[in-house]
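Dear colleague,

I am passing on a structure for you to look through. Please open it beside this message and follow along.

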Amino acid sequence: MSSNLKIPKICEFCKNEFIARTTRTRYCSHKCNSRAYKDVERQAKVLKTAAETELILTGDLTRVKAMEFLNVDQAALLFGISRRTIYRLINRGCLNIAKFGNRTVLKRADMESFFIAPITTEIDPPVQEFPGIESCYTITEVQQRFNVSSAALYNLIQQFGIAKYAIGRFTYVSKKDINLLFNAA
């Protein structure tokens, strides 16, 4: 059954006017039809790729938000900070961690409480008053008297928290503390 209809229409692809023979015709030619089809397919692929990218970016975030324990990468993604910053906070002792082999695990609640809690600065321990030169040894005197190297002496002083006093060009330590350290009479 042939149609004698002649309907003036505008092509949806090239926007030129043409005479259609059916009411459903949308394009002026097979060429415009093919190009429109390819354009629709291309747009569908672009939208699909954009949706996948969005899912990767936000999908990990929604998955991470549901987790109670996080590794360093997940914590960095969740809180929007770098991995290095998290490691700095761990080294300062601001965050508690658990180690499983080489893997570092953080509790999400600890991370959240760190960012909510007010930041307090560490207060330096009070400086001990200088006991006087007569009740102190110089570092050189300690090395000679107890036959210890400077590196070993500084390690012991740091390890046991012995106060050092820099006066002029000499560094002094308390005789009482050193004698206790080396069990000297």
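This is a predicted model: local features need pLDDT of at least 70, side-chain atom pairs count only at pLDDT 80 or more; totals for chains, interfaces and linings use all residues.

Residues are numbered from 1 along each chain as its sequence is written, and side-chain values use heavy atoms, with hydrogens and water left out.

Two packed helices are described by the angle between their axes and the distance between the axes. Helix 2 (residues 72–79) packs against helix 3 at an angle of about 110 degrees, with the axes 9 Å apart, where axes are lines fitted to C-alpha atoms, for helices over the stretch in contact, and angles run from 0 to 180 degrees between N-to-C directions. Helix 2 is therefore roughly perpendicular to helix 3 (under 35 degrees counts as roughly parallel, over 145 as roughly antiparallel, 65 to 115 as roughly perpendicular and the rest as oblique). Val72, Asp73, Ala75 and Ala76 of helix 2 meet Arg83, Ile86 and Tyr87 of helix 3 in this contact (heavy atoms within 4.5 Å).

With helix 4 (residues 108–116), helix 2 forms an angle of about 40 degrees, the axes being 11 Å apart, which means that helix 2 is oblique to helix 4. Here Ala75, Leu78 and Phe79 of helix 2 touch Arg108, Met111, Glu112 and Phe115 of helix 4.

Gly93 sits in the loop between helix 3 (83–92) and strand 4 (97–100), and this residue counts as exposed because its relative accessibility is 54% (buried is under 20%, exposed over 50%, partly exposed in between, with a 1.4 Å probe and protein chains only).

Best wishes

Key: Helices (H or I, at least four residues) and strands (E, at least two) are DSSP runs, numbered from the N terminus.
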